[in-house]
Number of protein chains: 4
Amino acid sequence: MIIVMTPQATSVQVDAVIARIRAAGLSEHVSRGVERTLIGAVGDERPLSAEQFASLPGVERAIRVMKPYRLVSRDTHPDRQPVRVRGKTIGSGVPVLLPGVPLIGSEADLERLAGTLAGLGSHYLRAGLFRSVANPWHDQGLGMPGVERLGELARAHGLTSVTTIADTRQLEECLQADIDMLELAPGVLYNPVLLRETGHVNKPVLLRGCETTPLTDWLMAAEQIASGGNHSIVFCLGGAERFDVSAIARLQRETHLPVVCEPDFPGIRQDQVMAQSLAALAAGADGLVVHLQGYGTDEADNALDEPHLSRLSRLLPDLYALTRPPAA
Amino acid sequence: MIIVMTPQATSVQVDAVIARIRAAGLSEHVSRGVERTLIGAVGDERPLSAEQFASLPGVERAIRVMKPYRLVSRDTHPDRQPVRVRGKTIGSGVPVLLPGVPLIGSEADLERLAGTLAGLGSHYLRAGLFRSVANPWHDQGLGMPGVERLGELARAHGLTSVTTIADTRQLEECLQADIDMLELAPGVLYNPVLLRETGHVNKPVLLRGCETTPLTDWLMAAEQIASGGNHSIVFCLGGAERFDVSAIARLQRETHLPVVCEPDFPGIRQDQVMAQSLAALAAGADGLVVHLQGYGTDEADNALDEPHLSRLSRLLPDLYALTRPPAA
Amino acid sequence: MIIVMTPQATSVQVDAVIARIRAAGLSEHVSRGVERTLIGAVGDERPLSAEQFASLPGVERAIRVMKPYRLVSRDTHPDRQPVRVRGKTIGSGVPVLLPGVPLIGSEADLERLAGTLAGLGSHYLRAGLFRSVANPWHDQGLGMPGVERLGELARAHGLTSVTTIADTRQLEECLQADIDMLELAPGVLYNPVLLRETGHVNKPVLLRGCETTPLTDWLMAAEQIASGGNHSIVFCLGGAERFDVSAIARLQRETHLPVVCEPDFPGIRQDQVMAQSLAALAAGADGLVVHLQGYGTDEADNALDEPHLSRLSRLLPDLYALTRPPAA
Amino acid sequence: MIIVMTPQATSVQVDAVIARIRAAGLSEHVSRGVERTLIGAVGDERPLSAEQFASLPGVERAIRVMKPYRLVSRDTHPDRQPVRVRGKTIGSGVPVLLPGVPLIGSEADLERLAGTLAGLGSHYLRAGLFRSVANPWHDQGLGMPGVERLGELARAHGLTSVTTIADTRQLEECLQADIDMLELAPGVLYNPVLLRETGHVNKPVLLRGCETTPLTDWLMAAEQIASGGNHSIVFCLGGAERFDVSAIARLQRETHLPVVCEPDFPGIRQDQVMAQSLAALAAGADGLVVHLQGYGTDEADNALDEPHLSRLSRLLPDLYALTRPPAA
């Protein structure tokens with residue numbers, strides 16, 4: 001941490017900063033320049049926050065030097081690392097497709113979906129069972145009873161089950177039903193209790209963020225999970241009207257963990273889903289979370305139909321081969 | 001709902017839109033103009049979503065006419081309505097102050113805080129017990145054991161207890177400890193399961209949103225709570241670096257429910273908290289969620305000190321008198 | 001235009017809306033529903049603005065049905081149309097590369113750049129001569145004297161000259177120097193006087209927008225140019241830290257004009273430029289505005305080096321072939 | 001400038017950074033920590049940009065210590081300083097009102113406006129003469145001929161004339177007509193040529209920014225003006241749907257120059273204008289740019305009527321007295 005004092009800062013104010021650095025068990029390095037005094041905090045910065053210095057009198061700014069996350073940081077793991085999900089991996093080369101439906105309304109639809117995805121050669125069976133945007137007047141999804149059924153259907157078809165949770169009770173239900181991968185709804189980023197429990201679980205996690213998620217909040221949520229021992233974390237970016245692909249590179253620079261994209265949002269047209277899927281892959285995404293038309297509640301009809309999903313699947317290796325940098 | 005067709009839309013595409021309108025139990029009104037065909041869906045729009053039409057072939061746009069929310073809408077309640085919280089109200093005239101601390105780290109701090117707030121004449125004792133932004137290397141807050149203690153201390157001092165929850169288990173604990181008011185963390189907006197359970201509870205709710213929350217998502221979260229029978233909902237805006245006061249007027253135009261503000265974020269300086277508090281009140285906020293210095297974990301030190309809190313408290317009635325429009 | 005009245009709207013307020021519609025030379029169609037009265041304005045909507053109705057008493061919302069732009073709209077030109085730039089086209093198939101330098105500091109650099117781009121087989125010579133983000137302490141660029149030199153060098157090497165302007169005087173200088181294509185700096189979107197003059201000029205225009213530009217403002221700026229008779233307009237998206245590729249599809253849905261991207265911003269790393277270039281192409285961009293390293297002022301050093309530029313150039317046709325939808 | 005190297009940075013990469021620091025005439029201070037090497041650039045940072053280091057191999061981040069602006073910085077002028085505008089000041093205590101009309105369509109309207117504002121006791125006559133958001137199908141404003149008339153009317157009524165410019169030709173016309181204060185349209189922030197010319201002029205400047213303007217770009221635009229010798233700069237914030245009052249405090253922390261607000265945008269309702277005006281004042285704004293109903297083109301009808309404008313004027317001193325911090 002570097003604390004930049006204002007030009008008017010008094011020596012009493014400098015001392016207050018130093019006292020706080022020492023109270024946290026670090027030592028200080030003071031550099032008095034012509035215009036400003038800079039104070040460096042030397043040692044493990046993680047227990048410090050820039051904010052606790054920023055509001056002290058005489059402080060202009062406090063700047064982190066070390067990242068607040070370590071377990072999920074490329075500092076600790078310079079090479080990108082794949083995540084294993086039931087025998088397969090995400091992040092070890094050719095991108096993967098995680099097809100599914102955001103909200104399943106009936107058991108019959110869930111069964112049809114499992115059959116179709118198995119028929120299409122998918123490895124995944126992604127099915128949302130709980131509504132993620134509140135609307136008491138719309139279908140609420142299959143809910144808890146769907147969780148067990150999802151697990152059974154996935155096992156019956158040899159598929160990898162994925163579903164979205166937003167609460168500790170749903171987590172428990174998923175563990176009981178032996179769901180293979182847990183998707184954490186965007187709001188969970190701000191629920192450290194659920195993040196912590198997910199960290200104690202031996203299941204890979206798909207960690208959703210939305211377009212406006214600050215990268216540091218996202219990485220710290222992953223750090224919270226990892227701090228419990230669960231390092232199988234995949235970031236999932238998208239699901240919003242705006243699709244800022246710069247976040248792929250920015251995440252991949254910070255973390256060794258895989259980054260997949262969901263180039264979709266309610267009301268988008270199929271060609272835009274295709275265009276943004278290809279853009280995500282070209283920009284280096286490790287996979288795509290896509291929706292299949294005709295299985296979910298009405299709102300999902302903007303998703304891909306089967307021919308488009310198949311085309312996307314065939315394009316994955318070619319696009320990978322074309323766009324990855326040549327070996328040095 | 002008005003569905004605007006593209007100039008090139010075929011009659012088959014028009015028929016598909018009509019079929020979907022009828023399938024939802026509504027009827028259609030078709031108006032063929034020179035440039036475009038417009039199709040109105042006549043009847044209760046709530047089971048429809050604009051998105052399910054927007055992605056149909058030949059559709060340019062689908063525009064809601066009725067609001068997707070009704071219970072929390074001023075259409076249903078033209079006059080603004082206060083919310084009762086343990087014998088007092090929010091939203092019935094002079095704004096209220098809800099002082100507290102975002103994250104309490106120890107029982108001793110909680111006790112001190114209760115004593116101080118009682119001494120300052122506060123009606124509220126707001127204390128965060130769970131971290132809301134993940135950081136495994138920082139203090140996680142008192143957690144579950146703090147909930148019961150908060151209830152006891154509030155009763156002992158005659159204060160109204162408020163704490164933040166993000167999960168159904170925390171909700172249960174708060175009910176058991178008879179906490180007076182439930183603050184829902186920002187991520188809860190995207191957790192309809194917890195929203196629904198909160199709707200079945202007989203406790204007033206403080207519904208947090210952040211600067212980037214779309215207003216409709218926020219109002220639909222309130223609608224979800226209200227649909228369970230709990231109409232005691234207070235919107236709480238703020239807690240972010242940017243403080244867009246236009247949301248106060250925009251919310252108050254849509255809903256009869258009170259709107260309070262939190263003009264604070266980690267690292268803000270005390271004068272900016274004061275300036276933004278006054279701005280929120282001048283813009284019509286029904287109350288302020290403010291933080292008191294010296295009781296929470298380190299990061300909260302940017303909050304107001306006692307003299308500033310007292311000054312703010314004294315200014316509330318004068319600012320109200322000055323800024324409210326004169327009676328017609 | 002559809003004007004949605006509030007449930008409480010009086011008949012006097014309805015009449016005021018009708019009067020305003022008639023004053024603009026349109027006629028009205030009133031539809032009184034159970035919950036709300038809707039008023040349709042029938043006729044050419046362009047002289048109306050939604051805002052002039054939105055603020056009338058008793059009005060809840062005013063919704064445009066027709067687009068405020070017509071000349072640049074796909075309503076008028078259903079098929080996408082290329083733009084001719086000195087014998088070549090943008091938007092007629094395989095995307096094009098517009099390489100250059102954002103800010104040239106000396107005539108020597110400009111000469112070297114022209115030689116290099118000619119050697120690389122480029123058709124374009126893009127060179128910024130005026131600083132676009134204010135900084136009085138940094139290099140201001142070659143300025144006016146560079147304009148004539150740019151024209152000469154382009155002619156000497158058989159290249160197509162492109163430079164950025166932000167003011168009518170710079171426009172005049174460019175016409176005098178016979179510059180081939182005019183790039184309008186982002187701020188020009190809010191300078192209708194310069195837009196209008198550009199509309200009277202017989203030169204293709206590159207119309208820059210930034211990430212936060214509302215699409216309608218951008219399209220209206222193009223409409224302003226087109227209304228003067230100049231229909232050779234190419235949209236250029238990017239140049240910012242965030243790179244929202246959804247704007248490509250959204251623009252292409254509204255307009256028949258080409259859309260190119262600049263996947264670059266100060267301080268970006270070369271691999272991210274490459275990744276975002278490929279993403280833009282995969283998402284359907286008609287071309288790329290890219291920067292070449294080593295010719296501009298210091299700040300441009302984050303641009304592509306020659307090997308990367310060559311690789312990008314070789315990838316254009318393959319990526320186009322791979323990602324464009326198969327013929328029906 | 002502090003350059004933070006990545007953990008993997010080689011000594012060759014460190015040397016390249018040092019070389020660039022020395023090339024700019026500064027010296028370096030290298031500090032090798034356990035996890036990272038930090039390199040400080042010692043000397044005048046202004047000719048450096050963080051971006052030119054950020055993209056060098058082995059560099060993780062480059063952090064400015066000194067501000068890139070100096071003339072407009074509170075570092076240089078610790079106390080806030082008022083700006084004189086034709087005998088009056090902005091920023092020297094009780095906030096001022098700058099009433100006017102965003103776009104005047106006829107000379108008759110301009111004359112009526114001058115009479116009314118004089119009658120209301122205003123010191124200012126603000127009148128937009130050029131459209132600022134392109135729309136070729138709407139009224140374009142009085143244009144150049146209005147400039148001279150504005151000057152005459154202001155002199156006739158003893159008012160201070162203010163108008164908006166976006167181009168060097170408009171600047172010339174304003175100088176010729178002896179307009180008292182120049183408002184720079186938002187796009188001008190990205191037009192250093194016009195900023196530079198405004199710096200050579202002996203007229204106070206109102207420098208508009210919009211909600212999405214990065215604060216540094218805004219301050220650097222002011223720095224560009226100031227570098228020419230013109231230090232009479234007033235920042236003007238607002239004019240957009242979102243009204244983020246935090247920018248007032250953030251600007252006032254960086255600069256000694258006054259900050260006024262425009263709590264208005266097309267389509268806003270009069271009560272929201274009032275509420276946001278009061279919010280801006282309570283948050284510390286030095287003045288308000290407000291619009292008067294009934295004089296401009298149709299779109300301006302959402303502005304304040306005369307009774308509201310008078311009420312606002314009466315509230316200024318009381319709100320100032322109430323909300324300013326008590327003397328220590």
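This is a predicted model: local features need pLDDT of at least 70, side-chain atom pairs count only at pLDDT 80 or more; totals for chains, interfaces and linings use all residues.
I get an open sheet of four strands in chain C, ordered β2-β3-β1-β4 and paired antiparallel. At its edges I have β2 (27-32) and β4 (59-63) of chain C, each with pairing on one side only. On average, neighbouring strands of the sheet are turned by 20° against each other, ignoring direction.

Then I turned to chains A and B. I can superpose chain B on chain A with a 180° rotation and 0.0 Å of shift along the axis, at an RMSD of 0.0 Å. The two copies are therefore related as by a two-fold rotation axis.

On to the interface. I have 54 residues from chain B and 54 residues from chain A in the contact. About 4,300 Å² is buried between them, with 52% from carbon and sulfur atoms. On the chain B side, A134(B), W137(B) and R169(B) lose the most area to chain A, together 15% of what that side buries. I also noted that 100% of chain B's interface residues are interface residues in chain A too, so the copies meet through the same surface.

I count four salt bridges between chain B and chain A. R169(B) turns up again, in a salt bridge with E197(A), with the closest N and O atoms 2.7 Å apart.

Methods:
Residues are numbered from 1 along each chain as its sequence is written. Chains are lettered from A and ligands numbered from 1 in the order in which they are written. Side-chain values use heavy atoms; hydrogens and water are left out. Copies are superposed by least squares on the C-alpha atoms of residues with pLDDT of at least 70 in both. Contact means heavy atoms within 4.5 Å. Two strands pair if DSSP finds at least two bridges between them. Helices (H or I, at least four residues) and strands (E, at least two) are DSSP runs, numbered from the N terminus. Axes are lines fitted to C-alpha atoms, for helices over the stretch in contact, and angles run from 0 to 180 degrees between N-to-C directions. Buried area is the accessible area (1.4 Å probe) that two parts lose on being put together, summed over both. A salt bridge is a side-chain nitrogen of Lys or Arg within 4 Å of a carboxyl oxygen of Asp or Glu.
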